6 protein chains.
Amino acid sequence: MSYGKLIEYAEAAPEARAVMDDIKAARGVPDVNNAWKAMARHPAVMRRFWERAKAVMQPGALDAPTKELIYLAVSIANGCHYCSASHTALAKKKGATEEQLAEMVEIVGLALEGNSYASFYGQDIDEALKG
Amino acid sequence: MSYGKLIEYAEAAPEARAVMDDIKAARGVPDVNNAWKAMARHPAVMRRFWERAKAVMQPGALDAPTKELIYLAVSIANGCHYCSASHTALAKKKGATEEQLAEMVEIVGLALEGNSYASFYGQDIDEALKG
Amino acid sequence: MSYGKLIEYAEAAPEARAVMDDIKAARGVPDVNNAWKAMARHPAVMRRFWERAKAVMQPGALDAPTKELIYLAVSIANGCHYCSASHTALAKKKGATEEQLAEMVEIVGLALEGNSYASFYGQDIDEALKG
Amino acid sequence: MSYGKLIEYAEAAPEARAVMDDIKAARGVPDVNNAWKAMARHPAVMRRFWERAKAVMQPGALDAPTKELIYLAVSIANGCHYCSASHTALAKKKGATEEQLAEMVEIVGLALEGNSYASFYGQDIDEALKG
Amino acid sequence: MSYGKLIEYAEAAPEARAVMDDIKAARGVPDVNNAWKAMARHPAVMRRFWERAKAVMQPGALDAPTKELIYLAVSIANGCHYCSASHTALAKKKGATEEQLAEMVEIVGLALEGNSYASFYGQDIDEALKG
Amino acid sequence: MSYGKLIEYAEAAPEARAVMDDIKAARGVPDVNNAWKAMARHPAVMRRFWERAKAVMQPGALDAPTKELIYLAVSIANGCHYCSASHTALAKKKGATEEQLAEMVEIVGLALEGNSYASFYGQDIDEALKG
């Protein structure tokens, strides 16, 4: 659902343009996604989000495709269509397979089901879990 | 937040008792968590959820700790305290490390932040993402 | 999780006290729940919510227990423990059975699962549904 | 918001095609909705969801239109547009009236309002509710 | 994502038409938004929501643009695109600046991140906060 | 709901201790809240969240109490009890009045109600809002 202006590179503020340059280099793409062009309306917000995303999503104790699957799982649970579409693409680009995506989405559904049972049945946290 | 009766093994319906036996065997624990004792109020719901959980969470294209991290990430995003506590314990038992948990929770926070920007900035899905 | 002051009848503002009287009469109970005693910190909010609740929850095209099951289903999906506990009690008082509660909670889990698939698979609304 | 490929019957895997046949027979429709054509990308996920949906949504202690209203209420609260559109259609097909839909949606709004007050005012669960 | 019929003024029920007249006068606009035309399918729901919105959103202890920013923040966190688009417009009309919008959206992202940490780290409420 | 270890100052890692020192100085309190003691399990996550919180919550185009009200509104909508309790306290400390809190919580309830109607009635974004 489009609303609000998309800021193209040519008309972007210098701070936003620098972020666009960095994204294009990091991802090896000729242009950034609409999400970034929209966020370029507020260059400081855009820059801070991009810096944070780069830091959090780089491989560490978890590898890159696993990180993308976790990001995607949260976005699906949260009902964000744009985020689901763009992070499915990123997850595949970083090596996630169709079989892994299928298993991930069933875990999301199961977790939401299980969470609702926890809400309804209303149990206290077990002593053994408090550790 | 405790409310509703916990059903102990001795007083559980046969269908619930069979599930409890199966959980104890599968997890190598002497007793099931409160969540299951509460759900034993509705043995058919309990059985169907357990069967589904077993099937979805078994290792496949994704390994067991990764599956638990995804389940946990959704539960955190969803604000379910009981689920966070119990699936943190399960994730550790299946091999997830403290470093992996720390990275996972930052991805959850980043995803929620990114989802909120997608909501606000309101962009259409890029042609390249429609595949 | 308790925080914030509970306002007992004796110390409540006249506007809050009138709402408490009305709730006690409508529900045939000697005292109101903690939720109302907490909300009595802001008598005008309390009064407006009670008036709206009375109007919306009275039997109409849907009968009283069905209305309570719908309210409860939303509260479970939303992860509100207090709301789950209090509206389970109200639903039973108005005639909902344990079997109906068990079926309702499975529908909540199914709907959350189905909603997550709709997010992930990203389909347009069918022409036939646009009516 | 469309993204991802829709799998038509002719190109679907045998497992997905069998589900499509079953849906068409169960609902008396010439073709399945986009949601199912998208989910056909992962035939095993699709089959398990359809089997579960059939079992959970069949009339029992709650009749069919009441079950659809509960499913719909959760989908609305959850902000799932596709789910709202498709389950409004299903609810009407199974006998829900426009007046019942109007009452249901006001209960959803009321429940969300009430849930937010429970969050803010922060009360403990009453002894009488712990049952 | 459009579905369901939009009711134009000429074909609206008298109760819905009266609400439309009131909205047009209150906002100084020649026609109401699609949201109201869709809600006109249920005139009583529409009227009650409009009356409540007018009362809650009028300037009081908080001024009009601050109230709109709060409404908008909740809508963003909730992932409601239509609501984000329409309440961004309302907030600007009532005097909110682009800088205020940028700060607001970062607070939403921060709050969602912080909420997820509260879920994961699972702390009790401090005595000092119980007031 | 408590679970997981609270890390007191004496046993905290140097990185976590430095954050605790900074929070105590910034807020003029003798000790940090439980939320920070729990987050001290992962010092790097804690430090990054604190730095981000400081930057986002400092007065700018919006003043400090307004920023706290927005943070609080999102936390209420999101059902986070700990967050509601702690940010109510922060909002009051920064100058928010009880009357402003009462108005804010009604806006949250109204926004959630309005969001649910947008989901159900399913309208497209108006041309005038696309700007």
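A pocket is an open set of grid points with protein on both sides within 12 Å along at least five of seven lines. The views below show a predicted model.

**View 1. The largest pocket and its centre.** The volume of the largest pocket is about 1,000 Å³. Its lining is made up of 50 residues, of which A:R27, A:N33, A:S86, A:H87 and A:L90 lie closest to the centre.

**View 2. Helices that line the largest pocket.** Chain A contributes α1 (14–27), α2 (34–39), α3 (43–57), α4 (64–77), α5 (81–93) and α6 (98–121), each with at least two lining residues. From chain B, α6 (98–121) and α7 (127–130) likewise supply at least two residues each. The greatest contribution to the lining comes from α5(A), which provides 10 residues.

View 3. Nonpolar residues number 28 in the lining of the largest pocket. The lining also holds 10 polar and 12 charged residues.

**View 4. The two domains of chain A.** In the domain assignment, residues 1–58 of chain A form domain 1 and residues 61–131 form domain 2. A distance of 26 Å separates the C-alpha centres of these two domains of chain A.

**View 5. The interface between the domains of chain A.** Nine residues of domain 1 of chain A make contact with seven residues of domain 2 of chain A. Between the two domains, an area of about 670 Å² is buried, with 52% given by carbon and sulfur atoms. The number of salt bridges between domain 1 and domain 2 of chain A is zero.

Note on methods
Residues numbered from 1 in each chain as written. Chains lettered and ligands numbered in written order. Predicted model: local features only at pLDDT ≥ 70, side-chain atom pairs only at ≥ 80, totals over all residues. Heavy atoms only, no water. 1 Å grid on protein atoms, 1.4 Å probe; cavity = no way out; pocket = protein on both sides within 12 Å on 5 of 7 lines; lining within 4 Å. Points joined across faces, edges and corners; volume = space filled by probe spheres on them. Helix = DSSP H or I, 4+ residues; strand = E, 2+ residues; numbered from the N terminus. Nonpolar A, V, L, I, M, F, W, Y, C, P; charged D, E, K, R; others polar. Domains from an automatic or database assignment. Contact = heavy atoms within 4.5 Å. Buried area = accessible area lost by both parts, 1.4 Å probe. Salt bridge = Lys/Arg side-chain N within 4 Å of Asp/Glu carboxyl O.
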